[in-house]
Amino acid sequence: MFELEERLWWYDGMRAVTASMLGDSMKSLKNIRLLDVGCGTGFSMMWLRERFGTSSEFGVDSSEHAAEFWRKRGLKTIAIAGADALPFPAGEFDLVTCFDVVYQLETQTAGEALAEMSRVLKRGGLLFIREPAYDWLRGSHDVAVATRHRYTLGELRRLIESHGFAIRRSSYANTLLFPAAAAHRLLSRSGDSSDVREASDFMNRALGAALKLEARLIGHVSFPFGLSVVVVAQKS
């Protein structure tokens with residue numbers, strides 16, 4: 001991730017999807033305090049600051065190995081903690097983001113994580129969650145990243161709403177590439193190799209262009225299927 005997330009088509013394209021989904025909702029927020037739950041190497045925190053002008057950024061991740069990469073990025077406001085036990089006071093943040101984290105949690109822990117995200121958000125604060133879609137799409141990548149459950153959009157919406165959130169936007173994403181990607185997943189069920197790998201310049205440009213086209217569209221429409229589910233919600 002550290003080597004590829006700044007330039008690989010999937011990361012770049014999904015950041016464009018995030019920006020498009022969050023765009024209008026962010027206009028009402030000022031002096032934004034951000035928490036990125038499951039922040040990995042910390043690059044998403046840096047990108048969100050640049051894209052939305054957040055005033056302060058914090059992160060948590062359960063991996064002690066990730067701390068090596070925070071230091072390389074010069075990030076000092078990240079803690080080693082689980083999503084179900086966030087080390088912050090109630091009502092601390094205007095925006096909480098969670099990129100592909102809940103799908104690795106057991107059902108009870110996933111609920112506890114959503115309760116914690118609600119607790120640390122201010123009233124009226126925003127939650128952005130992205131998770132992998134459809135449990136039937138499990139493949140070798142899911143073995144590599146210890147997937148517990150891939151969500152339908154309905155499942156993720158219900159989980160979020162059950163913890164005091166109102167849904168503002170929701171959609172499937174990575175839809176234009178879905179047929180080819182689904183076929184690849186279904187044909188690569190064996191093994192434990194991750195899909196995060198280098199792509200040729202041509203493939204990187206072509207696949208990235210498809211996702212960025214989708215990002216422009218998703219600002220206006222919701223897609224009925226895709227490889228990911230994305231939700232923007234507001235704390236009631």
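## Close-up views of a predicted model

**View 1. Asparagine 31 sits in the loop that links α1 (9-26) to β1 (33-37).** Welcome to the first stop in this predicted model. Asparagine 31 is not a glycine, yet its phi is positive, at about 50 degrees. Most residues other than glycine have a negative phi. Is asparagine 31 buried or exposed? With a relative accessibility of 64%, asparagine 31 counts as exposed, because the cut-off for that class is over 50%.

**View 2. Tyrosine 134 occupies the loop between β5 and α5 (140-144).** Here is another non-glycine residue with a positive phi, this time about 65 degrees. Its relative accessibility is 12%, so tyrosine 134 counts as buried. Tyrosine 134 is also one of the residues touched by glycine 226, which has its own view below.

**View 3. Helix α6 (residues 153-161) holds the buried residues Leu153, Leu156, Leu159 and Ile160.** How are these buried residues arranged around the axis of α6? Looking down that axis, they fall within an arc of 130 degrees, so they line one face of the helix. What does the buried face pack against? The partners of the buried residues of α6 are the helix α4 (107-120) and the strands β5 (121-132), β6 (165-173) and β7 (228-235).

**View 4. Glutamate 214 is part of helix α8 (residues 201-218).** Its relative accessibility is 0%, and glutamate 214 therefore counts as buried. Which residues does glutamate 214 contact, once its neighbours within four places in sequence are set aside? They are Ala173, Asn174, Thr175, Leu176 and Phe223. For a sense of scale, take alanine 199, which is 15 residues from glutamate 214 along the chain: the two C-alpha atoms are separated by 20 Å.

**View 5. Glycine 226 lies in the loop between α8 and β7.** Glycine 226 has a relative accessible area of 0%, which means that it is buried. Not counting residues up to four places away in sequence, glycine 226 touches Ala133, Tyr134, Tyr172, Ala173, Asn174, Thr175 and Phe178. Leucine 177 is 49 residues away from glycine 226 along the chain, and their C-alpha atoms are separated by 8.1 Å.

**View 6. Stepping back, the protein chain contains eight helices and seven strands.** Its C-alpha trace spans about 45 × 40 × 35 Å along the principal axes. The radius of gyration is 17 Å, which agrees with the value near 18 Å that a compact globule of 236 residues would have. Buried residues account for 53% of the 236 residues. Of the contacts between residues at least 6 apart in sequence, 79% join residues at least 24 apart. The accessible surface comes to about 10900 Å², and carbon and sulfur atoms contribute 53% of it. As for charge, the chain carries 29 positive and 28 negative charges, with mean positions 6 Å apart.

How values were computed
Residues numbered from 1 in each chain as written. Predicted model: local features only at pLDDT ≥ 70, side-chain atom pairs only at ≥ 80, totals over all residues. Heavy atoms only, no water. Helix = DSSP H or I, 4+ residues; strand = E, 2+ residues; numbered from the N terminus. Rg over C-alpha atoms; globule rule 2.2 N^0.38 Å. Buried < 20%, exposed > 50% of the residue type's maximum accessible area, 1.4 Å probe, protein only. Contact = heavy atoms within 4.5 Å. Areas by Shrake-Rupley, 256 points an atom, 1.4 Å probe, with all protein chains shown as cover. Lys, Arg positive; Asp, Glu negative; His and termini not counted. Charge placed at Lys NZ, Arg CZ, Asp CG, Glu CD. Arc of directions from axis to C-beta.
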